[in-house]
Protein chains: 2
Amino acid sequence: MGEAPAGLTWTLIEQARARIAPHVHLTPVLTSSTLDQESGAHLYFKCENFQKGGAFKARGATNAVLSLPKAEVSRGVATHSSGNHAAALARVARLWGVPAYIVMPQNTAAPKRAAVERYGAQITWCEPTQAARERAAEHVIGATGATLIHPYNDLRVMAGQGTVAVELIGQVPDLEVLLCPVSGGGLLSGIAVAARTLLPRVRIIGVEPEGADDAARSLSAGKIVPCEHPTTIADGLRATIGALPFLEIRRYVDEIVTVSDAAIVDAMRHLWEVMKILVEPSGAAAYAAVACGRVKLHGARVGVVLSGGNVDLDSLPWIRPAPG
Amino acid sequence: MGEAPAGLTWTLIEQARARIAPHVHLTPVLTSSTLDQESGAHLYFKCENFQKGGAFKARGATNAVLSLPKAEVSRGVATHSSGNHAAALARVARLWGVPAYIVMPQNTAAPKRAAVERYGAQITWCEPTQAARERAAEHVIGATGATLIHPYNDLRVMAGQGTVAVELIGQVPDLEVLLCPVSGGGLLSGIAVAARTLLPRVRIIGVEPEGADDAARSLSAGKIVPCEHPTTIADGLRATIGALPFLEIRRYVDEIVTVSDAAIVDAMRHLWEVMKILVEPSGAAAYAAVACGRVKLHGARVGVVLSGGNVDLDSLPWIRPAPG
């Protein structure tokens, strides 16, 4: 009919919130007088590291699976992911009593593999390339009839992630700035649509690593510009922004800023030491933009999304491990 | 008059609570469905790792300093401690604008030294023996007129620590068991008096490391039996129980159990991984007694005090550091 493709709407986010509420945590918002003093702002940390499965991904995966017709969901759900989305999908599938088929690259870190196995998902191993992942996923879906739940390029997933902002804005009145990491864009797009609806004048800033700055470059270019070889310690921020999230991000996000890996590691460690909470590198990126002075806040009330807390405790970036 | 020496009373704890409330955090109580399933009980974690300065010690030190007459406090306060009490005392002294004199052994870990320095305390270094510490503290007090605030053998300190239980019992109704680490006994005695007043039938269990089991042996012997050479990774649990805390612990505590260092490290790591919070070895001891099956809980509602979260992130017990 010549209309623009349907994008993410406030209604989808509201529906997601009601749908997932019984199955995910309403995560706390923490503050720190030390970090406020250091930053010269009022920081409100939305602790998705305390979410079910240790990351915001539980929201989108849960909303997507619970949105499926019964006949469809009973054949199972599938995805290709080495990270938190895989575990989140495995978790909700077990909750719903349906099979989960996860395609994972052979070089997946042990703790992330363990999380998926703990939830009883069926894992298919593949070569660590995008093409091999997609081929393996297609094969699994063809063989099982399972439904693909994409980690971010899916309105149901984006709507679920947007519930982070609905909660945060309910917990902290009068936020002036929102800082959120960006990778494939599911979280940032969901947050942007929700926040723009509830707080039209809030400044929305996405943060990504310098070594995986496709969102910043895509926003400048006005079209998606993939990173060919993303290199960053933030393993959750290596994906290229998806087409559906990009539409919303172009429309509603004020700015994308980049931070170095060194700034991410410093920020992560500082959050651990001062706030006594575990945040993974990807989860610390938004705060890194504050800590390294990449965004100017001038005393504002700032929501900072700590997106996840799944860390390999045997391999911390500031400890050089013993050989062997 | 032939009366027993005045011990810790509920009134002292109530007064402490009102006195310190503006200056310390009302710390949250966290729960975990994973840890509940594993333990077969309902665990309510009182997160003193989120307390000001990263440990419950802020409570006792603050109450003691705020109890002093103005003329006395203006000459300053002093203690000998290499740990969280030193930082807590330094913090409240700065808050009150009075000098803090801290005697620390030369082998104090860098992060604990840094915490005391951050609050602007005057540090006197001494040999790492109990005798050298006490001698140095006496010298400092003689030279300055400062008041000694003992880390645990002091009713004002014990009353402050007891506010942990007042809060916890207010946050979680109908607790049946309370688990708390024990070292010098300030925390356990305060909690015991408060909990016995508010919940007369609650089962109160102290937990200490096998390598520093003076409280268990003292309770058996009916008199204080010091550990000559405490050896445990839990650096906050190496002190010998004090005379004033021991009086209350004998009267009100049901049992002292011991846990191995291996159990403490496992518990600490498990809390980090599952709950995404930092807990120091001493802070994980009470949960270790649950995780290793040392206490039987049978579905009970159990308060578990996580007493602190100050960890040297460069030296984690499960990572063998690189040489040099």
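Guide: Please note at the outset that this is a predicted model. We may begin with strand 2 of chain B, residues 42-47.

Visitor: Is strand 2 of chain B mostly covered or mostly uncovered, and how many of its 6 residues are buried?

Guide: A residue is counted as buried if 20 or more other C-beta atoms lie within 10 Å of its own. By that criterion strand 2 of chain B is mostly covered, and the number of its buried residues is 5.

Visitor: Which residue of strand 2 of chain B is the bridge partner of B:L30?

Guide: Strand 1 of chain B, residues 29-30, runs antiparallel to strand 2 of chain B, and 2 bridges join them. Within strand 2 of chain B, the bridge partner of B:L30 is B:F45.

Visitor: Which residue in strand 10 of chain B stands opposite B:Y44?

Guide: Strand 10 of chain B covers residues 301-306 and pairs with strand 2 of chain B in the parallel sense, over 6 bridges. In this pairing, the residue opposite B:Y44 is B:G303.

Visitor: Why is B:L35 classed as buried?

Guide: B:L35 lies in helix 2 of chain B, residues 33-39. Not counting residues up to four places away in sequence, B:L35 touches B:L43 and B:V274. The threshold for a buried residue is 20 or more other C-beta atoms within 10 Å. B:L35 is buried because the number of other C-beta atoms within 10 Å is 21.

Visitor: How far apart in space are B:L35 and B:M104?

Guide: In sequence, B:L35 and B:M104 are 69 residues apart. Their separation in space, C-alpha to C-alpha, is 38 Å.

Visitor: Turning to chain A, which helix supplies the largest share of the side of domain 1 that touches domain 2?

Guide: The domain assignment of chain A gives domain 1 as 10-55 + 154-306 and domain 2 as 58-148. Between these domains of chain A, 22 residues of domain 1 are in contact with 15 residues of domain 2. On the domain 1 side, helix 1 (10-20) and helix 8 (155-171) of chain A each supply at least two residues. The largest share, 8 residues, comes from helix 8 of chain A.

Visitor: Which residues of the largest nonpolar core touch the most other members?

Guide: This core holds 219 residues. Leaving aside neighbours within four places in sequence, A:L178 is in contact with residues including A:A165, A:I191 and A:G303. The residues that touch the most other members of the core are A:L178, A:L179, A:V304, B:L178, B:L179 and B:V304.

Notes. Residues numbered from 1 in each chain as written. Chains lettered and ligands numbered in written order. Predicted model: local features only at pLDDT ≥ 70, side-chain atom pairs only at ≥ 80, totals over all residues. Buried ≥ 20, exposed ≤ 12 C-beta atoms within 10 Å, placed from the backbone. Helix = DSSP H or I, 4+ residues; strand = E, 2+ residues; numbered from the N terminus. Pairing = 2+ DSSP bridges. Domains from an automatic or database assignment. Contact = placed C-beta atoms within 7 Å. Core = buried A, V, L, I, M, F, W, Y, C linked by C-beta atoms within 7 Å.
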